[in-house]
Amino acid sequence: MTQSRKVYLVGTGSGDPELLTVKALRLIQNANVVIYDRLVSEAILKLIPTGASRIYVGKISGKHSLPQDEINQLLLTLADTERTIVRLKGGDPFVFGRGSEEALLLSRNGIKFEIVPGITAASACTAYAGIPLTHRGLAHGVQIVTGHAQANQPLELDWSALADKNKTIVIYMGLANISLICNKLILAGLDDNTPAAAIQNGTTARQQSVLSTLSRLAVDTKNAMLQPPVIFVIGQVVSLANSLDWFEAEEIQDYCSSETGIISHG
Ligand SMILES: C[S@@+](CC[C@H](N)C(=O)[O-])C[C@H]1O[C@@H](n2cnc3c(N)ncnc32)[C@H](O)[C@@H]1O
């Protein structure tokens, strides 16, 4: 019996391998070929069986990632020859992950696919920093945006909609523009004392959070010399981090001393 070929677009969560779904783990362990990019953690790559081919399509020190059209071509070529292709993406494939573009390509070419959601950075990094996205009386909604502008284009965000003191703002890919973003939010009416945080390498042994305010976030981030990946959180919920931080306060020590990169609980 011939088994049909399929491409699985799989979210791996934000770094801690224990945030993988059971489905993602099963697919990785049964893959013929695994394609992955920069944000897929080393601990997760260790789960790929030795017999499976691995193809890296992320950024190589200073050089650009494999252009998306070349990744697309690679997927089509592999779909011709391999049975189970697992395309790993950090976080969730459908949140700033270009997973939908790859799924459209597969759909248009009549190639079977499945999407496996992963825990996105907005959810995982905030949980590990002790910041709830919503909290009764502090935030009744969340706005998730990218802080990255296309080359030579201004950052086009709806600043007045974003400057809502009753909603948490989560900014992906915002490191280069964080000063501009904070200034725009203040100009749009958000209080400059609004609690704000930057979280670097969330859910990993290298997690580092900086707690700040809207007016100081850019300078505090710069002084802490944070490097990508960094996610920013702005809103009253950030004030709970002092009470709810459980990871950097305690667990990260166990994580650093663990050989597997997996935190041992209890
Ligand atoms: C291209 S987007 C991919 C997002 C991914 N698909 C997700 O759902 O989390 C990359 C951005 O996600 C955020 N990010 C992803 N993983 C992170 C982590 N472990 N710590 C902090 N930020 C992270 C950063 O803002 C980074 O620049």
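**A helix and its surroundings**

Reply: In this predicted model, the residues of α1 that are buried are Ala24, Leu27 and Ile28. Seen down the axis of α1, these buried residues fall within an arc of 100°, so they line one face of the helix. An α-helix has 3.6 residues a turn, so residues three or four places apart point the same way. On the other side of α1, the exposed residues are Val22, Arg26 and Gln29.

The loop between α1 (22-29) and β2 (33-36) holds asparagine 32. Asparagine 32 is partly exposed, because 16 other C-beta atoms lie within 10 Å, a count that falls between the 20 or more of a buried residue and the 12 or fewer of an exposed one. Once its neighbours within four places in sequence are left aside, the contacts of asparagine 32 are Ala52, Glu82, Arg83, Thr84 and Ile85. Asparagine 32 also lies 8.9 Å from arginine 54, C-alpha to C-alpha, although 22 residues separate the two in sequence.

Just after α7 comes glycine 189, which takes a positive phi of about 115°.

A pair of helices can be described in another way. Two packed helices are described by the angle between their axes and the distance between the axes. For helix α3 (residues 68-81) and helix α4 (residues 99-108), the angle is about 45° and the axes are 11 Å apart. Because of that angle, α3 is oblique to α4, and the crossing in which α3 passes α4 is right-handed. On the α3 side the contact is made by Gln68, Asn72 and Leu75, and on the α4 side by Glu101, Glu102, Leu105 and Leu106. Sorted by class, this contact of α3 with α4 has three nonpolar, two polar and two charged residues.

Conventions:
Residues numbered from 1 in each chain as written. Predicted model: local features only at pLDDT ≥ 70, side-chain atom pairs only at ≥ 80, totals over all residues. Axes fitted to C-alpha atoms, helices over the stretch in contact; angles between N-to-C directions. Helix = DSSP H or I, 4+ residues; strand = E, 2+ residues; numbered from the N terminus. Parallel < 35°, antiparallel > 145°, perpendicular 65-115°, else oblique. Left-handed = near helix turned anticlockwise from the far one by under 90°. Contact = placed C-beta atoms within 7 Å. Nonpolar A, V, L, I, M, F, W, Y, C, P; charged D, E, K, R; others polar. Arc of directions from axis to C-beta.
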